[in-house]
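This report describes the fold and selected local features of the model shown below. Please keep the sequence and the structure in view while reading.

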Amino acid sequence: MTRRVVVTESEMDTMELGASLAESLAPGSVVLLEGELGAGKTAFVRGLANGVGAPEEDVSSPTFTLVQEYRGRLPLLHADLYRLSGDEADDLGLDELGRDGIVAIEWAAKLPRKPAGAIEVLIEDLGGDRRRITIERR
């Protein structure tokens with residue numbers, strides 16, 4: 001297991017951290033995002049999109065659509081489980097959808113089980129635009 005903790009000073013820093021992570025990801029990678037409302041999960045996903053060559057301006061919170069797809073060197077599937085129960089989250093079949101690309105899941109704690117090999121990202125609001133971001137690879 002590797003663990004990296006970074007304190008970002010702005011939304012741009014958070015996005016750049018997401019972009020640098022995306023550059024190291026391969027098809028089938030799953031990124032599990034946790035943090036309070038407004039912590040910066042979607043900003044981190046904008047960075048992931050940038051890192052795979054997808055337009056970051058296309059990224060928005062998929063709260064009502066559940067899953068959005070962004071096209072780059074790899075497809076990036078962006079899911080938001082905020083409004084779902086664990087059983088509903090399991091029924092989405094995210095593990096099958098992301099085989100050819102990367103899956104980023106906001107509110108990942110709602111999943112009944114974590115996908116094997118998933119990268120966990122915890123974003124903590126430190127006030128203002130500062131965030132503590134912990135990235136764990138198991």
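As the model is a predicted one, local features are described only where pLDDT is at least 70.

Beyond its neighbours within four places in sequence, Ala43 is in contact with Glu11, Thr14 and Met15. Ala43 and Asp13 are separated by 30 residues in sequence, and their C-alpha atoms lie 9.5 Å apart. Helix α1 spans residues 11-22.

## The sheet

Seven strands form an open sheet in the order β1-β7-β6-β2-β5-β4-β3, and the pairing is mixed. At its edges stand β1 (2-8) and β3 (67-70), each of which pairs on one side only. From one strand to the next, the twist averages 15 degrees.

Strands of a sheet pair through backbone hydrogen bonds, in either a parallel or an antiparallel sense. Both senses occur here, as the pairing is mixed. Helix α1 lies across β1, β2 (30-34), β6 (119-125) and β7, and runs at about 155 degrees to β1.

Which strand pairs with β1 in the antiparallel sense? The partner is β7 (residues 131-137), and seven bridges connect the two. Within this pairing, Val5 is placed opposite Thr134 of β7.

Strands β6 and β7 also run antiparallel, joined by seven bridges, and Ile119 faces Arg137 in β7. By contrast, β2 and β6 run parallel and are joined by four bridges. Leu32 has Glu120 in β6 as its bridge partner.

## The β6-β7 hairpin

Five residues lie between the strands in the hairpin of β6 and β7, where Gly127 adopts a positive phi near 100 degrees. Gly128 is also located in the loop between β6 and β7.

Is Gly128 buried or exposed? Gly128 counts as exposed, because its relative accessibility is 63% and the limit for that class is over 50%. Although Gly128 and Ser10 are 118 residues apart along the chain, their C-alpha atoms are separated by 8.5 Å.

## Trp107 and the aromatic pair

Trp107 is found in the loop between β5 (102-106) and β6. Its phi is near 60 degrees, a positive value in a residue other than glycine. Most residues other than glycine have a negative phi. Trp107 is buried, because its relative accessible area is 15%, under the 20% limit.

The structure contains one aromatic pair. Tyr82 and Trp107 make up this pair, with 4.9 Å from centre to centre and 50 degrees between the planes, a tilted arrangement. Distant parts of the chain are linked in this way: Tyr82 sits in the loop between β4 (76-80) and α3 (86-91), whereas Trp107 sits in the loop between β5 and β6, 25 residues apart. Tyr82 is partly exposed, with a relative accessible area of 33%, whereas Trp107 is buried.

Conventions
Residues numbered from 1 in each chain as written. Predicted model: local features only at pLDDT ≥ 70, side-chain atom pairs only at ≥ 80, totals over all residues. Heavy atoms only, no water. Pairing = 2+ DSSP bridges. Axes fitted to C-alpha atoms, helices over the stretch in contact; angles between N-to-C directions. Contact = heavy atoms within 4.5 Å. Buried < 20%, exposed > 50% of the residue type's maximum accessible area, 1.4 Å probe, protein only. Phe/Tyr/Trp six-rings, centres within 6.5 Å; stacked < 30°, edge-to-face > 60°.
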